[in-house]
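Biologist: I would like to go through a model with you and learn how to read its features. Please take them in turn, with the general idea before the case.

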Amino acid sequence: MTRRRTVPPGRERPASWAAVSKPLRAPRPETVPVGRPVSHGPRLARIGVWTALAAGPLALAVALAAPAGSAAQAAPAPTPSSSRVQTDPAGTAAYFVELWLRADASAADSPVGAAVRRMAPQAELPSRSREAGSPASVRVTPLRTVFLPGGGWTVTVAAVTDERRAPSPGGSDQAVVQPVARYFAVNGTGSQDDGPLVVTGSPAEVAAPEAAQTNASVFGRPVPSTGPLAVSLTEFLRTYLAGPDGQGAGVERYLSPGVRLSAPTAAVYTRVEVKDVAADTEAAAGTTVPADGSRARVRVRVEGSDAAGTRWPLEYRLAVTARADRWEISALDTGTPAPASAGAASPAAPSTATSGGTR
């Protein structure tokens, strides 16, 4: 017997109750024809969309957590201070000595005195008498630099000054101006590129540096003045030193084939006399010219007189080559040649001559 639910009067039964009162049925499975593949496209699309949405915050978090400036981390480390190159203070020391020699304590506020104080605030200026005054000219050349521990340095400079000196006894009563060679040592600090060079006080006048020991000359074989080598060298040097008015450009006839040599034009010598010729091989010191291709190095001492009558002692070192029964100039060299064994040909001449000639 089926019982029915009664609804009170005045109350309508909702329409949805009819759907609820119906028995629930399971959804019918989708029938896929045999042999037809199942499509998972919609599901994969939904997975891709959710993955992309999740990757946005994740990528942002990774970027914020990563260390900044990764490219800067790969840059090389700065060079340590111990490897910095020391600055040569020779120029600073020479300039300071030149200013100091021109300065005067009575005019400490002059441009020269102010420049000295800027370079060395502790330096004292020389006090000059009215008779002496400042030197007419000053020429300063640095000679030697010594670096000291702790960043200090000492520079020795040579100064040639034209100074007014008192008259010699028994001579004229007037003071004379004459060149004087003096030597000074300058101390300072600041030998690194990142620091200024500072002079720490007045210069100290010192003795001239000792002359270096010279080795025995390789030109140990005297050449007779009447021999073919001495005659060729005399003719060459007289033409070479005659200047443009004396046809000094005609030196090519004394040169080996392919050699180019320009004659000097600044000084003109009216007279050239060869004083001494020496060679490094026995073949060059003979009275005959050896076989073609024989080579030698020679030293020639010359005295040249200019138009004013001043005599100038000059010294030349040349390379010569024998050809066609005469000696020809292969190179003009002012450097010290390498020693050559007795009786053997000298090494080939250098490729560049100091006066413009080349082989």
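Biologist: Is Glu328 buried or exposed?

Modeller: The model is a predicted one. Glu328 has 1% relative accessibility, and since buried means under 20%, Glu328 counts as buried.

Biologist: Which residue forms a salt bridge with Glu328?

Modeller: The general idea is that side chains of opposite charge can pair when their charged atoms come close. Here the partner of Glu328 is Arg326, with the closest N and O atoms 2.9 Å apart. Arg326 is partly exposed, at a relative accessible area of 32%.

Biologist: How many salt bridges does the structure hold?

Modeller: The number is 13. One of them joins Glu205 and Arg182, whose closest N and O atoms are 2.8 Å apart. That pair links distant parts of the chain, with Glu205 in strand E5 (residues 204–206) and Arg182 in strand E3 (residues 176–189), 23 residues apart. Glu205 has 47% relative accessibility and so counts as partly exposed. Another salt bridge is formed by the side chains of Glu315 and Arg317, at 3.6 Å from N to O. Glu315 counts as partly exposed at 42% relative accessibility, and Arg317 is also partly exposed, with a relative accessible area of 21%.

Biologist: Now the sheets. In what order do the strands of the open five-stranded sheet come?

Modeller: Strands of a sheet pair through backbone hydrogen bonds, either parallel or antiparallel. In this case the order is E6-E7-E8-E9-E10 and the pairing is antiparallel. Strand E6 (221–222) and E10 each have a single partner strand, so they stand at the edges and one side of each lacks a neighbour in the sheet.

Biologist: How many bridges join E6 to E7?

Modeller: Two bridges join this antiparallel pair. Pro222 has Ala278 of E7 opposite.

Biologist: What is there to read at Ala319 in E9?

Modeller: Ala319 belongs to strand E9. Its relative accessibility is 6%, so Ala319 counts as buried. The C-alpha atom of Ala319 is 4.5 Å from that of Arg297, although 22 residues separate them along the chain.

Biologist: What covers the buried residues of H6?

Modeller: An α-helix has 3.6 residues a turn, so residues three or four places apart point the same way. H6 runs over residues 228–240, and its 13 residues reach 18 Å from the first C-alpha to the last, close to the expected 18 Å. Its buried residues are Leu229, Ala230, Ser232, Leu233, Thr234, Phe236, Leu237, Thr239 and Tyr240. Their cover includes strands E7 (269–279), E8 (295–306), E9 (311–323) and E10 (326–333).

Biologist: Which residues have the most contacts inside the largest nonpolar core?

Modeller: In soluble globular proteins, nonpolar side chains tend to be buried together. The largest nonpolar core here has 30 residues, and Leu233, Phe236 and Leu318 have the most contacts inside it. At least two residues of this core come from each of H6, E7, E8, E9 and E10. H6 supplies the largest share, six residues. Beyond four places in sequence, Phe236 is in contact with Val251, Tyr254, Leu255, Leu261, Leu318 and Ile329. Another core, of 24 residues, lies apart from this one and has Phe96, Val97, Ala123 and Val140 among its members.

Biologist: Where does Thr156 lie, and what is in contact with Thr156?

Modeller: Thr156 lies in strand E2 (residues 152–165) and is buried, with a relative accessible area of 9%. Apart from neighbours within four places in sequence, its contacts are Pro142, Leu143, Arg144, Phe184, Ala185 and Val206.

Biologist: Last, the backbone. What is the phi of Ala324, and what is that of Asp325?

Modeller: Most residues other than glycine have a negative phi, and most peptide bonds are trans. Phi is positive at Ala324, near 55°, and at Asp325, about 65°. Ala324 is in the loop between E9 and E10, and Asp325 is in the loop between E9 and E10 as well. Ala324 counts as exposed at 55% relative accessibility, and Asp325 is exposed with a relative accessible area of 63%.

Terms used. Residues numbered from 1 in each chain as written. Predicted model: local features only at pLDDT ≥ 70, side-chain atom pairs only at ≥ 80, totals over all residues. Heavy atoms only, no water. Helix = DSSP H or I, 4+ residues; strand = E, 2+ residues; numbered from the N terminus. Expected span 1.5 Å × (residues − 1). Buried < 20%, exposed > 50% of the residue type's maximum accessible area, 1.4 Å probe, protein only. Contact = heavy atoms within 4.5 Å. Pairing = 2+ DSSP bridges. Core = buried A, V, L, I, M, F, W, Y, C linked by side-chain atoms within 4.5 Å. Salt bridge = Lys/Arg side-chain N within 4 Å of Asp/Glu carboxyl O.
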